[in-house]
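Please keep the structure in view while reading.

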Amino acid sequence: MSLGAITLLILGLGVVAWLAARARAAAFAAPDRPRPHSLPGQHGWYVALWTAVPALIFLAIWRQVSGNLIYASVMASPEAAALPAFDMQRQAILSEAYALATGRAETAFNPQAGILAPVYESAIGFYNWIGLAVALLVAFAGGAWAYSRVSPQFRARTRVERIIMMGLLVASLIAILTTLGIVLSLLFESLRFFSMVSPVEFLFGLNWSPQMAIRADQAGSSGAFGAIPLFWGTIFIGAIIAMIVAIPLGLMSAIYLTQYASSRLRAWMKPLLEILAGVPTVVYGYFAALTVAPAVRDLGLSIGIPASTESALAAGLVMGIMIIPFVSSMADDSIAAVPQAMRDGSLAMGATTSETIRKVLVPAALPGVVGGVLLAVSRAIGETMIVVMAAGLAANLTANPFDSVTTVTTQIVQLLTGDQEFDSPKTLAAFALGLVLFMVTLALNIVALRVVKKYREAYD
Amino acid sequence: MTDMAASIDPSPTDWNGEAMRRRIRRRYAAERRFKLLGLAAILVSAGFLAFLLVTMFSNGISGFARSEVRLDVDFPRSSLFLDPAALEGFGADQALAGADFPEALNEAAQAQYGDSGRSLFSEGAWIGLRDAVRDDPSLLGRRATLWLPASTAIDIAAKGEGEAEAERLKARLAEAGRVRTGINWTFLRGSDSTDPSAVGIWGAFKGSLLTMIVTLLIAFPIGVLSAVYLEEYAPRNRWTDMIEVSINNLAAVPSIIFGLLGLAIFLNVMHLPRSAPLVGGLTLALMTMPVIVIAGRNAIKSVPPSIRDAALGIGASRIQVVFHHVLPLALPGILTGTIIGMARALGETAPLLMIGMRAFVAAPPGGFADPASVLPVQIFLWSDEVSRGFVEKTSAAIIVLLVFLLAMNGLAIYLRNKFERRW
């Protein structure tokens, strides 16, 4: 019996417990007796939870524990003595035998796996039976105890609600756990990286070539991890070129839509701009690589600048288009938040609409717009697919937009695809880059939100 | 303004004077220029969107069509030693698997089109031959005319972008009425392949579907429950602040960071299977959850407090108030937010590359633990291919993805308009 089937069985028992307890509690209600504290269904839930939850928790733990026990018992068997001592080969045979035993594979590539499969099968069967027995015991014990407490005075509702409350709290703790998981996994792998490469070299080095020699005697690269060219490429594409495209277009779109456009045009154009934000980034990346990059290269060649197919300009342009709706919706919000009296006052003094916008509305809305731009920058530097598909891999330190630069996210993808060895600085460097990216976007977001909040308070 | 204040002229302003008129004209011209600039910004943004969509559609629409070349197969004389009787009932599949269809195709093509005849047909064209025989075993007894998928070169030539030689070949075939265009069912039913004329989208689509199921099953309950807790029950203390800060930050973390988390936790610590929809779904669920929490909180906040007061007043417990009254009323808003979050997850590529979902997967995944690809990753993989035939397939896959995203967003807007209540 597999663990999945045992889980289903326990859930079935829970349903039975619910029905039984509800029937018992339903018998309490009678016209001549005092009203019971809880409804029958609540008694049902109390008993069902006590039947299923402890047993399921046990199964979850058992799943982890039994894996190790099965492994130990297989390794202790006489058949396993013939296994090669070399670690990777042994693991390959064992995982193949496991696949055979669980029916995921039909034929073994390695004859030894065929011998080990029955051993595995019997060990899995043995430990699953133990799991089944204990789980049933836990379920019956919990259920019986809870069932014995069902009485007219028993406050089942309070108990059940307390459990639900705990469930709610646990669900909201997942967010903290995720944040913690991100920080810890990035920190842990980064620390391993920094034990091999000095943080000073990483943060201030000018040379990036992460290829490591596979053999000790191999000529050539021993790996250089100076990330400044990556940081520069990221800023160049995400914070400079993309913003040169996105800020004017986004800001002017927002101004036109809020101040000039008829409500009909606004109703049509606003969702249309939102679509730009909804297009998957891989589509933008393909568009950049297929259409924009060749056009940019031709442009560069026609004005006499040697241009690469993977130019910073192509990636930045397309990223700017993607960012337009972020800038425009933030600008829209902050312009709408400027008090009407300021606008009316300016118009009453005889200023034209455009003078009012340029001299009154935009300066008043500036903190909000700046906050929006910061959020857009944080979004742009974390963007991956456009730069992976349209920007290059060459870590150039150049300000020529027709040249190829590489970014932090491109390098993370590059370092983590292909062979992964978690003891080589090449793989671990990706986590260090991830840590920097995480910290920078976090800082940008905090600053942006604070700026926006301060500004909102100014007019409230 | 200061320089004007410095030289105050006591006489009243002559508004009809030439200087003032010029000034007004200049200001109005600036007004018009500014307005046009705004309109231009809108039009440029919308134009980019239109250009993007038109490029994708014009490139991709031909991916749904394929060219077929006529082949006359003389079955009795072919090297296909198959007994029509063996193709009835059980054992039919085995008999088919044992027969050498590629060789039969080879012979027939060479007999009809000369030595290079085989190169007119797609590498997987023999599958069409096999399926024809399976569907109608009586073919084996006679000479039959079949339409089989053309090779990539001919296919591209038929769509008007081929190389000169293929173009000439195609023109000769077309003159003889031996080439036609049909719907590319392989593209809708097949999986990844190295030959662009044999690739299909179904495998990636199924992978996306399985991944989205995992994402929904995890992100939706956790997201809704945390939203309920934070909005209705959470005491104001440091823990609650920490939860709120975490959720707001998670919503802004770059998606690739979630990929690193998935790689470090799900693959390296928990040893879940690589490239599997299970891991992809878990990773995307962590990314989608904050979106659902934020949408859920807004929806719950918009339920008026009088509903809660009324329920509490007639004796409901605080849990009953939320689960019987507040949640059902907030559900349309929560669902809208969920669909938008899922649409974002469906188009997400970067975190899935981190957890190994960029492998070549030639068969649709059978379960949550099988190696799988998803639509956006498939687009990425095809976009990397050198062969010319993959361009239209990539664009066609993008069309499929965009259609699904549009449908999901449309559903969200419909739900919002239909069920949204103003209190």
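## Buried charges in chain B

In this predicted model, B:E68 counts as buried, because its relative accessibility is 6%. B:E68 is joined in a salt bridge to B:R66, with the closest N and O atoms 3.2 Å apart, and B:R66 also counts as buried, at 16% relative accessibility.

A further salt bridge brings together the side chains of B:E232 and B:R308, at 2.8 Å from N to O. Since B:E232 belongs to helix α9 (residues 202–233) of chain B and B:R308 to helix α13 (residues 305–313) of chain B, this pair ties together parts that are 76 residues apart in sequence. B:E232 is buried at 18% relative accessibility, and B:R308 is buried at 15%.

## Domains 2 and 3 of chain B

Chain B is divided into domain 1 (2–60), domain 2 (64–191) and domain 3 (202–419). Between domain 2 and domain 3 of chain B, about 960 Å² is buried, with carbon and sulfur atoms giving 57% of that area. Of the area that domain 2 buries against domain 3, B:F64, B:F187 and B:S191 supply 52%, more than any other three residues.

Between these two domains of chain B the count of salt bridges is zero, whereas two residue pairs are in polar contact. The side of domain 2 that touches domain 3 has four nonpolar, four polar and four charged residues.

How values were computed
Residues are numbered from 1 along each chain as its sequence is written. Chains are lettered from A and ligands numbered from 1 in the order in which they are written. This is a predicted model: local features need pLDDT of at least 70, side-chain atom pairs count only at pLDDT 80 or more; totals for chains, interfaces and linings use all residues. Side-chain values use heavy atoms; hydrogens and water are left out. Domain bounds come from an automatic or database domain assignment. Buried area is the accessible area (1.4 Å probe) that two parts lose on being put together, summed over both. A salt bridge is a side-chain nitrogen of Lys or Arg within 4 Å of a carboxyl oxygen of Asp or Glu. A polar contact is a pair of N or O atoms within 3.5 Å; within protein, one must be able to donate a hydrogen and the other to accept it, and residues adjacent in sequence count only if both atoms are side-chain atoms. Ala, Val, Leu, Ile, Met, Phe, Trp, Tyr, Cys and Pro count as nonpolar, Asp, Glu, Lys and Arg as charged, and the others, Gly among them, as polar. Buried means under 20% relative accessible area, exposed over 50%, partly exposed in between (1.4 Å probe, protein chains only). Helices (H or I, at least four residues) and strands (E, at least two) are DSSP runs, numbered from the N terminus.
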